[in-house]
Amino acid sequence: MMKLTVGRKGKPSLQCSPSKMAAGESNSQSSCLNLSNAGPLGNAPPSNGAHSAPASNGEAAGANGRMNRNAGNSNPQSCPESVGGAESALRSTPGTRNPSRQSVGQSAGASASGATSGAASNMTSSSSSSSTSTASSAAVAASLPSSPASVLVYREPVYNWQATKSTVKERFAFLFNNEVLSDVHFLVGKGMGVQRIPAHRFALAVGSAVFDAMFNGGMATTSTEIELPDVEPAAFLALLKFLYSDEVQIGPETVMTTLYTAKKYAVPALEAHCVEFLKKNLRADNAFMLLTQARLFDEPQLASLCLENIDKNTVDALAAEGFTDIDLDTLMAVLERDTLGVREVCLFGAAVRWAEAEAQRQQLQPTPENKRRVLGKALSLIRFPLMTIEEFAAGPAQSGILADREVVSLFLHFTVNPKPHVEFIDRPRCCLRGKECSITRFSQVESRWGYSGTSDRIRFSVNRRIFVVGFGLYGSIHGPTDYQVNIQIIHTDSNTVLGQNDTGFSCDGTASTFRVMFKEPVEILPSVNYIACTTLKGPDSHYGTKGMRKVTHEAPTTGTKTCFTFCYAAGNNNGTSVEDGQIPEVIFYT
C-alpha cells in the first residue's frame with residue numbers, strides 16, 4: 001500500500017507501505033512514486049517566469065508523469081499500484097502543489113527520455129515588429145465594459161494523460177501553455193513583465209503561416225528560446241489559446257493588443273473575433289478612440305462603423321474625452337465628411353479643443369498661432385460659410401486662428417452680393433444616410449426666362465416623410481455665367497420659412513440643371529403643403545415646359561415610391577407654374 005505523508009518542508013510525498021518493503025522487493029525506494037520535490041508544471045506562474053530554466057530531459061519526463069532515469073534495474077511491475085495509486089492520490093488530495101518531478105521506474109523513464117531528446121533541434125527567431133501603443137490600448141480598455149480577468153489553470157501531472165482526452169481538440173487544449181512535449185519557449189514582453197511561455201512548433205505552424213515560416217521556412221530559426229519584446233504576454237497567451245483550442249479569450253483590457261498580435265502572426269479568424277468584440281461595444285463615447293485604432297490596424301470595416309456612429313451621434317462623440325486624443329489624420333478624415341449631424345460652429349469649437357490638446361502634446365503654448373499650426377490642413381475643412389453671421393462673429397472671427405483677410409472675406413460672403421470667393425468649403429453637410437434622390441418635373445427645356453427680383457414659386461406635397469437638401473435650377477442661355485440666388489422652403493399654412501440659403505452658382509451655358517443646396521436638410525412631412533421658392537439675380541436663363549402635376553420616384557433597391565404632387569403657388573410669383581418655369585428638380589433623401 002501507499003500513503004500520503006508530509007515531509008519536513010511541509011510538502012506532501014508518497015511512500016511505500018512497510019508490508020511492501022518487508023516483502024523483499026528490489027530497490028523499492030526507487031520503484032515508488034516520490035513527490036518530495038514538488039514544483040510547478042504547465043502554466044503555473046514559476047514556469048512562465050522571465051528567468052526560468054528550460055526543463056531538462058529528466059524534468060520533462062517527470063512532468064509527463066513517467067519513470068525516473070535513476071530508478072535502477074528493478075522490474076516496473078514490482079510496485080503495481082504505484083502508478084494508479086499516485087494518480088488517485090493526486091486527483092483526490094486537495095490543496096497540494098503541482099509536482100514537477102516524480103519517479104516511477106526506468107522503463108517508462110527511458111521512453112520519456114527518447115521523446116524529450118527528440119526535441120533537441122529547437123529553433124529561434126528574432127522579432128522585429130514595432131510595438132503597439134500601450135497608452136492607446138489602455139484608453140480603449142477604459143472605454144469598454146469590464147469583464148472578469150482570465151485565470152491560469154493549474155494542471156495535475158497525470159501519467160498517460162492522453163487516455164483521458166477523447167478528442168484531438170482536448171489533447172491539444174491540454175498542451176496549451178504546458179511544458180509537456182514543448183519544444184520551443186517564448187520570452188514575451190519586456191522589462192520586469194517578461195514571461196517565459198512554452199509552446200509546440202507543430203501546433204503553431206498548423207495555425208499560422210508566420211510561425212510556419214519561422215520554424216520550417218528557408219530561414220528557419222534554430223534557437224530554443226524566442227524573444228518577443230513587442231507583444232504583451234496576455235495577448236500572446238490569447239493567441240496560443242485560440243491556436244490550440246479555438247477558444248476566444250478577449251476582454252476590454254486585451255482586445256487591442258490581441259488584435260495586434262493576431263495581425264502580426266496572420267491569424268485572421270482571431271482578428272475577426274477581436275473586431276466583432278469592438279463592434280458590439282462601439283458607442284458614441286468611444287467611437288473616436290476606436291476609429292484611431294481601426295485606422296492604425298487597417299480595419300476598414302470597423303473604421304466605417306465608427307464613422308457611421310459619429311455621423312449619427314456627432315455631438316456626443318465630439319464631447320467624449322477620447323476625441324482630443326486622436327491623431328491629425330483621423331481628425332481630417334472626420335472633418336471631410338458631408339454626413340456629420342452637427343452645426344458647423346460646434347465643429348469649430350471641437351477642433352479648437354483638439355488643437356489645444358495637440359499643442360500641449362507638442363509642448364507648445366496654446367496661442368492662436370500655435371493652434372492654427374497644429375491644425376494645419378484640417379482648418380480648411382471647417383465650412384465657415386455654413387455658419388450664420390452671428391455664429392461666425394461670436395466665435396471664429398474672434399478666435400485669432402483665422403487671418404484678418406480670411407475674416408474679412410467671410411464677412412463679405414455673409415453680407416454682400418455678388419458674394420466674393422472664399423477659401424473654405426461651402427457645400428452643406430447632410431446628416432442623412434442612404435442614397436441621394438432627385439425628381440424632374442419638366443419633360444422639355446426652352447430658352448429665355450427673365451428675372452426682375454420676383455421669386456419663382458411652386459407648391460408641392462409628398463406621400464411620405466423626406467428631407468429636401470436642395471433644388472436643381474436652370475442657368476444662362478448666354479454662355480458661362482454666375483448667378484446669385486436665395487432658395488427657401490415655406491410651410492404654406494403658417495407661412496413659416498423652414499429652410500433657406502443665400503448663395504450662388506455658376507453655369508456653363510448649357511440646358512443642364514445646376515445644384516443649389518440648403519445649409520441643412522429640411523424635413524417634409526406627408527400630406528402637408530409646402531412652397532419651393534427661388535429668387536435669382538442674373539441674365540435670362542433656360543426654363544422647363546410640359547410640366548407634370550404628379551412625379552413618382554421609385555427606389556431601385558427597395559421599390560419604395562415617393563410621390564410628389566405640384567400645384568400653382570399664388571401670390572408674388574415670377575411666373576413659374578406646374579406647366580412651365582424654374583425649379584425643375586427637387587433633391588432629397590428618404
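Two residues are in contact when heavy atoms lie within 4.5 Å. I start my notebook with that rule.

**Ground rules.** I am looking at a predicted model, where local features need pLDDT of at least 70, side-chain atom pairs count only at pLDDT 80 or more, and totals for chains, interfaces and linings use all residues. Residues are numbered from 1 along each chain as its sequence is written, and side-chain values use heavy atoms, with hydrogens and water left out.

**Entry: I490.** I found I490 in strand β10, residues 480-491 (strands are DSSP runs of E, at least two residues; helices are runs of H or I, at least four; both are numbered from the N terminus). Leaving out neighbours within four places in sequence, I see I490 in contact with R457, N495, T496, V497, N529, Y530, I531 and C533. I also looked up A532: its C-alpha atom is 6.7 Å from that of I490, although the two are 42 residues apart along the chain. Is I490 buried or exposed? I490 counts as buried, because its relative accessibility is 6% (buried is under 20% relative accessible area, exposed over 50%, partly exposed in between, with a 1.4 Å probe and protein chains only).

**Entry: N574.** I placed N574 in the loop between β16 (561-567) and β17 (585-589). With 19% relative accessibility, N574 counts as buried too. Beyond residues up to four places away in sequence, N574 touches W449, G450, Y451, S452, T454, S455 and D456.

**Entry: Q398.** Next I went to helix α20, residues 396-399, which holds Q398. Q398 is exposed, at 63% relative accessible area.
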